[in-house]
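I begin with the structure itself.

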Amino acid sequence: MNDDQLLRYSRHILLPEFGVEGQEKLNSAHALVIGAGGLGSPVTLYLAAAGVGTLTICDGDQVDLTNLQRQIVHRSESIGRNKVDSARDTLASINPGVRVHALAERVEGARLDALVADADVVLDGCDNFATRHAVNRACVKHRKPLVSGAGVRFDGQISVFDMRAEDAPCYACLFPEDAQSEEVRCAVMGVFAPLTGIVGTIQAAEALKVLTGVGKTLAGRLLLLDALTMDLRTVGLKKDPACAVCGKQ
Ligand SMILES: [Zn+2]
């Protein structure tokens with residue numbers, strides 16, 4: 001690290017759990033972020049500010065006026081632009097030392113597979129089950145840690161599916177692919193502005209811990225947040241041996 005980097009990251013380096021070594025791990029890490037919306041905003045802002053060296057951000061949407069109530073990586077002047085381009089510009093102004101690959105597409109299939117294989121950690125902040133399950137499948141296949149978050153109305157949930165461990169549950173152990181899960185979208189249900197900030201910020205924290213090995217992540221636990229009462233609770237998650245995605249077939 002040069003003098004500028006030592007200063008920029010000095011408050012991390014001061015943490016005994018981090019030190020220069022932990023910061024260097026972040027600087028050489030590659031995070032894949034699915035979605036540049038309510039969750040992707042705090043996720044990318046914190047990962048870039050904290051010095052995660054390479055960020056690949058995927059989102060096929062454009063910035064809309066209704067996004068700006070919570071999607072804090074975007075600016076009013078970005079309305080109509082691709083979200084990933086808007087996010088890349090904001091992140092560059094915060095930390096020009098971070099490489100940002102902005103992919104203006106809803107990634108799937110072989111493309112998603114290759115992106116996951118290339119990443120050290122995957123953060124899911126998308127808004128639909130089809131993408132969530134596709135991301136989970138790719139993470140199981142390539143044994144990549146998946147930091148999953150969701151938030152709608154006043155309810156949030158976060159977990160880490162750390163597929164580097166043999167006995168780790170995957171997203172589909174919790175929400176099977178064939179379940180008739182009702183799609184609950186912010187566009188229909190509404191969402192409390194800071195809820196996405198809280199959930200995305202916790203995702204960013206978990207990703208930094210995954211990348212550095214600092215602390216204990218939410219692997220094997222689901223964190224549930226009710227922003228109306230500000231009650232937080234965690235429930236244990238176990239691998240489903242009959243899971244269609246990660247179970248033995
Ligand atoms: Zn599973």
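In which hand, right or left, does α4 pass α10? I looked this up and recorded that α4 passes α10 in a right-handed crossing. I note at the outset that I am working with a predicted model.

Entry 1: α4 with α10.
I read that two packed helices are described by the angle between their axes and the distance between the axes. For α4 and helix α10 (residues 193-212), I noted an angle of about 40° and axes 7 Å apart. The two helices are therefore oblique to each other. I then listed the residues that make the contact: α4 contributes Pro42, Val43, Tyr46 and Leu47, and among those of α10 are Thr196, Gly197, Gly200 and Ala204. Sorted by class, this contact has 7 nonpolar, 5 polar and no charged residues.

Entry 2: α4 with α5.
I next followed helix α4 (residues 40-49) to helix α5 (residues 83-94), where the axes come within 9 Å and cross at roughly 30°. Angles under 35 degrees count as roughly parallel, and α4 and α5 are therefore described in that way. On the α4 side I found Thr44, Leu45, Ala48 and Ala49, which meet Thr90, Leu91 and Ile94 of α5. I counted these residues by class as 5 nonpolar, 2 polar and no charged.

Entry 3: α6 with α7.
I then turned to helix α6 (residues 109-118) and helix α7 (residues 129-142), which pack at about 50° with their axes 9 Å apart. That angle makes α6 oblique to α7. I recorded a right-handed crossing for this pair. From α6, the residues Leu112, Asp113, Val116 and Ala117 take part, and they meet α7 residues including Ala134, Ala138, Lys141 and His142. I noted 7 nonpolar, 1 polar and 2 charged residues in the contact of α6 with α7.

Entry 4: the zinc ion.
Which residues coordinate the zinc ion? I found Cys170, Cys173, Cys243 and Cys246, each through its SG atom, at 2.3 Å. Why is the arrangement called tetrahedral? The 4 donor atoms subtend angles of 94 to 123° around the zinc ion, and the arrangement is therefore tetrahedral. Along the sequence, I wrote the spacing of the donor residues as C-x2-C-x69-C-x2-C. Within this set, Cys173 in helix α8 (residues 171-174) and Cys246 in the segment after β8 (231-236) link distant parts of the chain, being 73 residues apart.

Terms used: Residues numbered from 1 in each chain as written. Predicted model: local features only at pLDDT ≥ 70, side-chain atom pairs only at ≥ 80, totals over all residues. Heavy atoms only, no water. Axes fitted to C-alpha atoms, helices over the stretch in contact; angles between N-to-C directions. Helix = DSSP H or I, 4+ residues; strand = E, 2+ residues; numbered from the N terminus. Parallel < 35°, antiparallel > 145°, perpendicular 65-115°, else oblique. Contact = heavy atoms within 4.5 Å. Nonpolar A, V, L, I, M, F, W, Y, C, P; charged D, E, K, R; others polar. Donors = N, O, S within 2.8 Å, 3.2 Å for Na, K, Ca; no water. Tetrahedral: all angles 85-135°; square planar, octahedral: opposite > 155°, others 65-115°. Left-handed = near helix turned anticlockwise from the far one by under 90°.
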